[in-house]
Each structure stands twice: as structure tokens, then as C-alpha cells.
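Take a look at the chains below before reading on.

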2 protein chains.
Amino acid sequence: MAQQSGVNDSSKPSKVENLLTLDYNNLTSDAVGPENGLEAGDLTSLKGLLTAAAKDFNARRKKGLLPFADLPTDTEIPKACRKLADSGRKKYENVVVLGIGGSALGTSAVFKALRPLNHNIQEDKKRGWPRLFVADNIDPEGFLAILEETDLSKTLFNVISKSGATAETMSQFMIVHDRLRKSLGAEAIKEHLLITTDPENGVLRRLVQSQGLSALPIPPGVGGRFSVFTAVGLAPLAMAGVNITDLLAGAAKAVEDFAAPPMANKALLFAGLNYLMTTQKNRTNLVMMPYADSLSRVADWFGQLWNESLGKAELLDGTRAAIGQTAIKALGATDQHSQLQLYMEGPRDKTICFIGVDDFRNQIKIPAVFKDQGELSYLCGRGLGELLNFERLGTARALAENGRPSLSLTSPKLTSASLGYLMQTLMLSTVISGSLYRINPLNQPGVELGKKFTYGLMGRKSYEDMAERYHQGKINKKYIVP
Amino acid sequence: MAQQSGVNDSSKPSKVENLLTLDYNNLTSDAVGPENGLEAGDLTSLKGLLTAAAKDFNARRKKGLLPFADLPTDTEIPKACRKLADSGRKKYENVVVLGIGGSALGTSAVFKALRPLNHNIQEDKKRGWPRLFVADNIDPEGFLAILEETDLSKTLFNVISKSGATAETMSQFMIVHDRLRKSLGAEAIKEHLLITTDPENGVLRRLVQSQGLSALPIPPGVGGRFSVFTAVGLAPLAMAGVNITDLLAGAAKAVEDFAAPPMANKALLFAGLNYLMTTQKNRTNLVMMPYADSLSRVADWFGQLWNESLGKAELLDGTRAAIGQTAIKALGATDQHSQLQLYMEGPRDKTICFIGVDDFRNQIKIPAVFKDQGELSYLCGRGLGELLNFERLGTARALAENGRPSLSLTSPKLTSASLGYLMQTLMLSTVISGSLYRINPLNQPGVELGKKFTYGLMGRKSYEDMAERYHQGKINKKYIVP
């Protein structure tokens with residue numbers, strides 16, 4: 001594949017041009033009717049909301065409360081990651097990320113988008129960079145499948161947990177640490193571990209100090225789902241051959257463009273339009289539907305970003321609520337044959353966001369075969385990417401004619417810079433959405449209770465009450481059908 | 001990995017025992033409160049609805065209108081597929097499915113569930129069976145990534161399209177046919193193609209006849225999303241080493257168990273409970289959340305089955321409507337760190353369906369390392385699968401305490417038989433759901449308009465009006481932000 005061939009990176013970014021276009025014609029009442037779409041008046045009122053949200057954002061950023069917005073112009077960590085990549089390139093055949101949620105999704109998304117889709121199954125020579133595996137679950141079958149394919153002596157394990165206490169990641173780490181020690185010896189372990197965690201606190205940081213392990217920091221104030229442009233994402237991505245310099249340059253451009261006035265500001269508009277569709281048009285589901293295999297994991301990454309940030313039970317003023325929009329992943333054209341029927345005819349609870357790429361990095365022409373079969377002649381000589389893009393446009397129009405609203409984000413080409421731009425725009429947009437809903441987009445209080453029950457069931461000390469509480473739950477055998 | 005080692009298949013199925021348990025305690029008002037859950041009276045009224053739906057199902061089945069229900073006891077096609085697998089095992093290094101939607105999802109689901117998760121990256125010897133790729137999109141980058149990894153001379157392409165006119169699949173086929181002819185010669189082509197299509201009609205069937213290609217039939221009356229147990233799924237799966245005999249035996253057992261009375265009938269209850277949750281409790285989203293990497297594609301397969309079947313704009317009596325529940329895929333424990341916050345605190349529009357496996361096919365013990373770190377000692381000596389299952393239980397309880405309803409489907413072990421049982425149960429349940437909503441679950445009229453626009457944009461003959469209609473659409477440049 002053409003992308004990322006040759007030298008992957010230097011500290012000088014490539015020239016950044018137009019990287020993303022937002023088109024929301026199909027969200028307006030002109031396209032989908034006044035019941036389903038936004039009218040001129042809605043958009044006028046939006047302007048005021050967005051101006052206030054941007055002001056609030058900038059004030060909080062100034063106070064240092066939104067450090068994620070300044071990551072793209074950091075130079076120190078990217079430099080360290082490029083250095084790691086240079087030395088690791090010859091040393092390791094595999095990089096395995098041990099991380100879950102925000103420690104995994106950004107890396108998976110960028111890796112799939114910017115490295116060849118066959119990266120991990122290519123021959124070593126052709127690939128030129130280590131294979132990258134992201135072990136983001138504790139299923140023993142899945143984890144063993146990765147361990148079986150990665151020769152310990154040629155593998156770097158990048159253990160990523162901000163708190164240093166994540167049960168899943170620490171379990172994986174304990175298994176790997178033990179295997180490394182047993183097969184390579186205690187001294188060699190250090191060569192195969194890279195720890196990414198809080199710069200000061202937590203078990204992982206303590207282990208770094210006591211065992212003298214290599215480590216990179218996760219800056220305080222940057223939560224997992226906003227951390228792709230910290231060492232969390234940059235280290236494994238650089239080691240797999242991603243051009244992180246251009247990735248960050250694209251992200252920096254998105255931050256620059258965030259200074260634009262509301263109706264010319266993609267991050268503000270993406271937040272505002274979805275806010276109106278959710279609160280005024282009851283479009284409580286947001287389908288993210290890239291028309292590019294390489295972007296399918298970006299939709300997964302966005303799924304955490306949007307859902308975990310906006311799904312909240314409490315407004316900033318303390319009022320109880322049940323806020324949020326559910327981002328759902330789909331993939332074009334594949335899911336036209338799976339989900340489109342529902343999007344066209346089912347409940348009017350969805351906005352579709354198409355993500356498109358004008359030019360693909362590879363082209364395949366459909367040859368003029370089967371000429372005697374008239375039904376196929378329209379395909380002869382056309383590009384596969386051309387067909388894919390016409391399907392995207394045709395689907396958007398069909399939805400609109402059926403009163404089903406959509407918007408689209410399109411890049412001229414998928415590059416490191418355009419991907420960085422897209423992801424940073426969506427992160428900015430997520431925080432802005434928090435302002436619009438008047439919730440805190442940076443916390444996740446709802447996940448604690450399940451963890452506590454798990455600790456109780458696992459017999460963790462001082463969680464005995466949770467085990468007891470669990471077992472007091474009434475189970476009615478009538479409702480269990482074998 | 002242990003599963004599927006040794007001889008994979010014979011015509012004699014293994015003994016079938018308890019394969020699936022449905023537990024809906026957490027859907028009841030006892031667990032989640034009367035606002036969120038079902039009360040005894042709801043369940044009583046459900047009994048009548050389900051009895052009627054089952055009666056309707058059986059009458060239609062008798063008339064031959066539901067042939068999918070009889071597939072598990074067919075012997076002819078499975079025999080042909082086993083024969084193909086036996087001969088293809090030595091002949092081919094790769095099997096590549098060219099198919100989309102229902103021609104791809106079932107195969108991907110079963111393959112991931114029953115073959116080792118590293119099947120395609122394992123060494124040839126260890127694997128013992130051809131690699132299996134499912135090319136279910138026309139992204140040129142994705143398709144080339146597969147073609148680059150599969151030596152044409154060692155590859156069988158299984159072209160699957162019921163109509164024989166699917167634009168995506170036919171485009172892929174044209175590309176592959178041309179490449180085969182150019183690199184191996186016209187005569188050799190036949191050795192590398194297997195066509196699965198309608199037994200009589202369509203372009204693909206005509207090509208089979210005129211070019212003398214190998215072919216398997218898709219039985220009339222079985223739509224794509226119900227076709228996993230036809231040659232559509234069985235042929236590629238058998239060739240990749242899946243025990244299709246046991247898979248079908250499990251499915252057959254699900255059909256047998258479908259004779260049980262409503263409140264002891266998993267297929268009926270799954271339909272009925274979700275119907276009540278949707279229509280009475282406004283749970284319009286159904287999150288399918290397996291706690292097993294191997295089952296993640298089953299959730300994708302279900303996503304088509306449920307959404308395309310139930311998302312309908314018209315009731316059987318012709319009334320206009322906007323019916324359907326949106327099945328969403330999630331994966332435990334991974335998505336506890338991505339989606340759970342929304343499920344716990346966001347809009348009360350979801351039912352969560354956990355899919356669990358009691359015993360994993362591999363175990364890994366977490367070793368007793370880092371003994372000086374007290375926070376980690378609860379993990380020492382425990383199984384990774386044990387932790388995963390406690391997380392599933394802990395999450396379900398946390399959701400319930402927060403008034404968030406869930407149900408669970410659990411298998412003692414993931415085997416060919418238990419997977420067949422699960423999938424057939426869900427297919428039966430989908431058709432029953434159609435009866436409850438009073439819609440036709442077997443058609444998909446909503447997908448035609450988008451296809452027509454695509455034809456128009458591609459310049460297909462006699463679709464000139466669609467191109468014109470497309471270009472007449474008003475685009476307001478104000479709503480495009482570069």
C-alpha cells in the first residue's frame with residue numbers, strides 16, 4: 001500500500017492544506033422537512049449558544065483546565081516517541097499495547113487509519129516497522145492468541161494505565177511480567193517493557209521507580225478518551241511507523257481553526273448541530289458511518305469520546321438528569337446491506353454522520369469483463385473508490401428524501417494530517433457539547449459501582465460489603481430459562 | 001488454542017447438552033423498579049401474545065414460508081460442504097469470500113467464534129486449514145490489502161450473492177476474474193472460483209452455466225440475514241475448519257426447543273421481552289454485549305438480523321409506521337471503559353443483553369507477582385476468565401441498581417453446538433418479533449432508493465432519471481464549511 005512508505009517521519013511536518021469539510025445541508029428543513037430538520041431560526045439561535053460555549057471553553061483553557069487542547073503543539077513527548085521508534089524499529093518485531101478504553105482506542109484508530117490494513121500480516125521486510133497489537137480485553141482466548149503470535153524476546157509491551165490500578169491492564173501486566181522473567185530472566189525484563197502512566201502517582205509509577213523501568217508520563221488533567229496525542233497514543237503509533245509529526249500538525253491546525261466564528265467553525269458546529277438534533281428533534285442516536293475501511297476504528301474511538309463524555313446523570317448545577325446521545329458505529333458501504341433498512345424506515349431517532357474520503361490511497365479499476373451481461377456494464381472501467389463514494393452520496397440523498405437527517409465530514413485524502421485534524425476537531429466538539437448540555441464532559445462517575453461489585457466478587461480486601469450486597473440480590477428462578 | 005484441534009468434523013454430531021440459558025431477572029420490576037422493568041402482569045399478558053405468535057409461525061412454516069427453520073436438519077448441502085472442505089484443505093492456502101451483508105456476516109461471526117482468534121496469522125502447519133478472509137466492502141485499500149496477502153494460485157474465491165447483481169460483490173468478482181485469467185490463464189480460473197447464488201436466476205447463475213463454474217445454491221425463500229446455515233455460511237466455514245455438523249446439530253436443537261410453552265421458550269421470550277421493553281418502557285436500543293472476544297462478530301451478525309428485519313415503515317395491514325429497535329454492538333469488558341458510563345447515566349432508552357460463557361476454552365492464571373503492592377493482591381492466582389465473568393456479573397448488578405434493565409444469554413461453554421443453538425434461537429426470535437410488531441421481518445424495501453441513486457450517479461442505463469433527480473437537489477453553500 002502506498003501510505004507511509006519510505007521514511008515515516010521527521011520533526012518537520014508536511015505542508016497542511018484543507019483537511020476537512022463539514023456539510024450539513026441534509027440536516028436542514030430544506031432537505032428533510034421541518035419536522036426532521038433544522039430551520040433558519042434554529043441556526044440563528046445556535047450562533048449565540050456557540051459563541052457562549054466557545055467563550056467558556058477559552059476561559060477554561062486559559063486556566064489550564066483543558067490541557068488536551070495544547071497537546072498538538074507539545075514537542076517534548078513527540079520527540080521522545082520518535083526516538084523510541086528509531087531505536088525500537090530494529091530491536092522489536094512486535095509492540096503490544098496492554099491497555100483498555102482510552103488507553104487503547106485512539107491507538108487502534110490511528111493505526112488502522114494510517115498504516116496499511118495488512119500491516120500485521122505482511123512480511124517483515126515489506127512492513128519495515130514492528131507489528132502492533134492492542135490487547136484491550138482480558139478474554140483469555142484473545143489474550144493468548146496475541147501472546148502465541150509474539151515471540152517474547154522480540155516484543156515490547158507498552159503497559160498503559162493512568163491510575164496504574166486498572167484491573168484488566170494490571171492483570172495482563174502481571175502475566176507478561178511473569179512470563180518475561182521466566183523466559184528471559186529478571187534483568188532482560190526492562191528491555192521489553194515501557195510503562196505509560198501518571199508522572200507521580202499510582203502502583204505503576206511505583207513499580208517504574210522500584211524496578212527502574214522505562215516510562216512515559218500521561219499529563220495530569222488529560223483523561224483517557226482525550227489522550228491519543230499524549231504518549232498513550234504517540235509512543236506505540238510512532239513505533240508502528242505512523243508519522244506522528246504530521247498527525248500532530250493536523251491536530252494543531254484544528255485548534256487554530258477553532259478560533260473561527262461559530263458558523264464557520266467545524267468543531268463548534270458539529271457540537272451545536274448534534275445538540276439541536278438531540279434536544280429539539282429527538283435524534284438521540286448518532287450513527288458515525290465512515291465510507292473507508294481504514295476509518296472504521298475511528299468510529300469506535302469516537303464512540304467512547306462522545307458517549308462517555310456526554311452520558312451524564314447530573315447537570316453542572318446539580319440537577320438530576322439523563323443526558324446524552326448514543327454514538328453508534330457503522331461502516332459504508334458494508335452496512336448499507338445491514339443497517340440502512342432501519343435507518344430509512346425505523347424510528348426517527350437517528351442522525352447519520354457520514355465520514356468520507358474523496359481520494360483513496362489506492363485505486364482499483366473494475367475491468368470490462370462479462371461484456372455480454374448488460375446488467376454489469378455500468379461497472380466496467382469504473383474505480384472501486386468511485387463506486388464507494390457514489391454509494392455514500394446516493395445513500396445520503398435517499399435518507400434525506402425519506403426525511404432522515406444526516407451530515408458529512410469529508411477529507412480530500414486520508415493523511416496523517418487530515419486524521420489529526422478530524423480527531424482533534426471531534427475532541428474540541430465533545431467538550432463544547434458538554435457546555436451546551438451543561439454537564440461535565442471530563443468525568444465518568446457512573447463506572448465506579450460496577451468496579452466495586454467486581455472487587456467484591458473477586459474477594460478484594462475491604463470490598464466484603466460489596467460481595468455481601470451482591471449476594472443479597474433476589475434471584476427469581478422463574479425468570480431463568482435453561 | 002484448544003478449540004477445533006484434530007479432525008474437525010464428521011457427519012456424526014457430538015452429543016448435545018444444555019446449550020443456552022436465558023436469565024431475565026434484571027428486566028423485572030423487582031430488580032430495576034416498576035418504571036424501568038416488567039411487572040408480573042406484563043408477563044402474564046405476554047404469554048398470550050407469544051402463544052399467538054408461535055401459532056402463526058408454525059402455520060407459516062408448514063406452508064413453506066419459513067424455510068430457514070428447516071435448514072439445520074438438511075443433510076445434502078452440509079455433505080457437499082464437507083466434501084469441499086476435505087478436498088480444499090490441501091489445495092488452498094486461502095479462502096476469500098466475496099460477499100456483503102447477509103453473505104458475509106454469518107460467516108465472519110462463526111469463523112471468529114469457532115476458529116482460533118489468531119487463525120489467519122498462524123503458521124500454515126499449526127493452522128491446518130486455509131486462512132479465511134471475508135471481503136465485505138469495496139474500499140480499494142481494504143480489498144487490495146486482502147489481494148496482496150493471498151497468492152492467487154493458492155486461493156479459492158467464494159463469490160456469494162443471492163440476486164447475482166449486488167454491485168459491490170460483482171465489482172469484486174470482475175476484478176478477481178480478470179486477475180485470475182491474466183495470471184493463471186482462462187482454463188485455471190475454474191479451480192479458483194466457487195459461486196454461491198440462486199439456483200436458477202440472475203447474472204451469477206448465468207455465468208456459472210456459460211463458464212462451467214462450480215456452484216452451490218441459496219435456497220429460495222431464505223434471505224441473506226437468515227442464510228448462515230445454507231451454503232452461504234457452511235461452505236467457507238467448513239473450508240476454514242469449522243465443525244459444521246455440530247453447528248447444525250445445535251441449531252436443530254434450538255428448533256426442537258422452540259416447541260416449548262411460552263414461558264419456557266427462549267426464542268419466544270427473547271422476542272417478547274424485548275418487544276415489551278421497546279413498546280412499554282421505551283427501550284428502543286438493544287445493546288448486545290458479549291463478554292468474549294470470540295463472540296464480538298456474533299453481535300455484528302445480530303445487528304443486521306434484528307435491525308434489518310424489524311426496522312419497518314409499514315405494518316402488515318398497510319398502516320404507515322416507524323417500527324424497530326436498534327441493536328448496538330458492545331464488547332465486555334472492553335466497553336465498560338467506553339460505553340458503560342452512558343448505559344449507567346444516559347437516556348433511559350436501552351436494554352442491555354449480556355452474552356456470557358461460563359468456561360473459556362483457554363485459561364490463564366494471573367501470577368502472584370508484585371506482592372509488595374497490596375492493591376494488586378486480589379488479582380494474584382485468579383483466572384483471567386474468572387475476572388472477566390465477575391466483571392459481567394458486577395456490571396449487570398450495577399446497571400440494575402441504577403434502574404437500567406438487562407437480560408443475559410449464557411452458554412456453559414462456547415462450542416460449535418452452543419453457537420449454532422444461540423444463532424438459530426436469535427433467528428427464530430427475530431421472526432417472532434415481526435409477528436409481535438405486526439410487520440414483515442423478511443423484506444428490506446428501504447434499501448432500494450439508495451441503490452437507484454447510486455446507479456444514476458454511476459451512469460447505469462435506464463437510471464438517467466435518478467441522476468437528474470440527484471442533481472436537482474438544492475445545495476446551499478452556506479451549509480458547507482471548509
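The questions below treat a predicted model, taking domains, the chain contact, sheets and helices in turn.

Q: Which residues make up domain 3 in the domain assignment of chain A?
A: The assignment gives chain A a domain 1 built from two segments, 21-62 and 247-437. Domain 2 covers 74-242. Domain 3 is 448-479.

Q: How many Å apart are the C-alpha centres of domain 1 and domain 3 of chain A?
A: Domain 1 includes the segment 247-437, and domain 3 spans 448-479. The distance between their C-alpha centres is 40 Å.

Q: Which helix gives the largest share of the side of chain A that touches chain B?
A: On each chain, 125 residues take part in the contact between A and B. Twelve residues of the chain A side come from one helix, the largest share. That helix spans residues 384-401 and is α14 of chain A.

Q: How many residues on the side of chain A that touches chain B are nonpolar?
A: This side of chain A holds 125 residues. Of these, 25 are charged and 40 are polar. The nonpolar count is 60.

Q: Which residue is the bridge partner of I480(A) in β1(B)?
A: Strand β13 of chain A, residues 480-481, joins strand β1 of chain B, residues 21-23. Two bridges link them, and the strands run antiparallel. The partner of I480(A) is D23(B).

Q: Which are the edge strands of the open sheet of six strands?
A: The order is β13(A)-β1(B)-β12(B)-β11(B)-β7(B)-β10(B), with mixed pairing. An edge strand here pairs on one side only. The edges are β13 of chain A and β10 of chain B.

Q: Which residue in β11(B) stands opposite N285(B)?
A: Strand β7 of chain B, residues 285-290, runs parallel to β11 of chain B, residues 350-359. Six bridges join the two. Opposite N285(B) stands K350(B).

Q: What angle does the direction of helix α14 of chain B make with that of β11(B)?
A: Helix α14 of chain B, residues 384-401, packs on the sheet of six strands. There α14(B) touches β11 and β12 of chain B. Its direction makes an angle with that of β11(B) of about 155 degrees.

Q: By how many degrees are neighbouring strands turned, on average, in the sheet of five strands?
A: This open sheet of chain B has the order β3-β2-β4-β5-β6, with parallel pairing. Its edge strands are β3 and β6. Direction ignored, neighbours are turned against each other on average by 20 degrees.

Q: Which residue in β4(B) is the bridge partner of L98(B)?
A: Strands β2 (94-98) and β4 (155-160) of chain B run parallel. Five bridges join them. The partner of L98(B) is V159(B).

Q: Which residue takes a positive phi in the hairpin of β8(A) and β9(A)?
A: The two strands pair in the antiparallel sense over two bridges. K312(A) has I323(A) as its bridge partner. Five residues lie between the strands. The residue with a positive phi, near 95 degrees, is G318(A).

Q: What is the handedness of the crossing where α10(A) passes α15(A)?
A: The axes of α10(A) and α15(A) come within 6 Å and cross at roughly 45 degrees. That angle makes α10(A) oblique to α15(A). The contact has eleven nonpolar, six polar and two charged residues. The crossing is right-handed.

Technical notes:
Residues are numbered from 1 along each chain as its sequence is written. Chains are lettered from A and ligands numbered from 1 in the order in which they are written. This is a predicted model: local features need pLDDT of at least 70, side-chain atom pairs count only at pLDDT 80 or more; totals for chains, interfaces and linings use all residues. Axes are lines fitted to C-alpha atoms, for helices over the stretch in contact, and angles run from 0 to 180 degrees between N-to-C directions. Helices (H or I, at least four residues) and strands (E, at least two) are DSSP runs, numbered from the N terminus. Angles under 35 degrees count as roughly parallel, over 145 as roughly antiparallel, 65 to 115 as roughly perpendicular and the rest as oblique. A crossing is left-handed if the near helix is turned anticlockwise from the far one by less than a right angle, and right-handed if clockwise. Ala, Val, Leu, Ile, Met, Phe, Trp, Tyr, Cys and Pro count as nonpolar, Asp, Glu, Lys and Arg as charged, and the others, Gly among them, as polar. Two residues are in contact if their C-beta atoms, placed from the backbone, lie within 7 Å. Two strands pair if DSSP finds at least two bridges between them. Domain bounds come from an automatic or database domain assignment.
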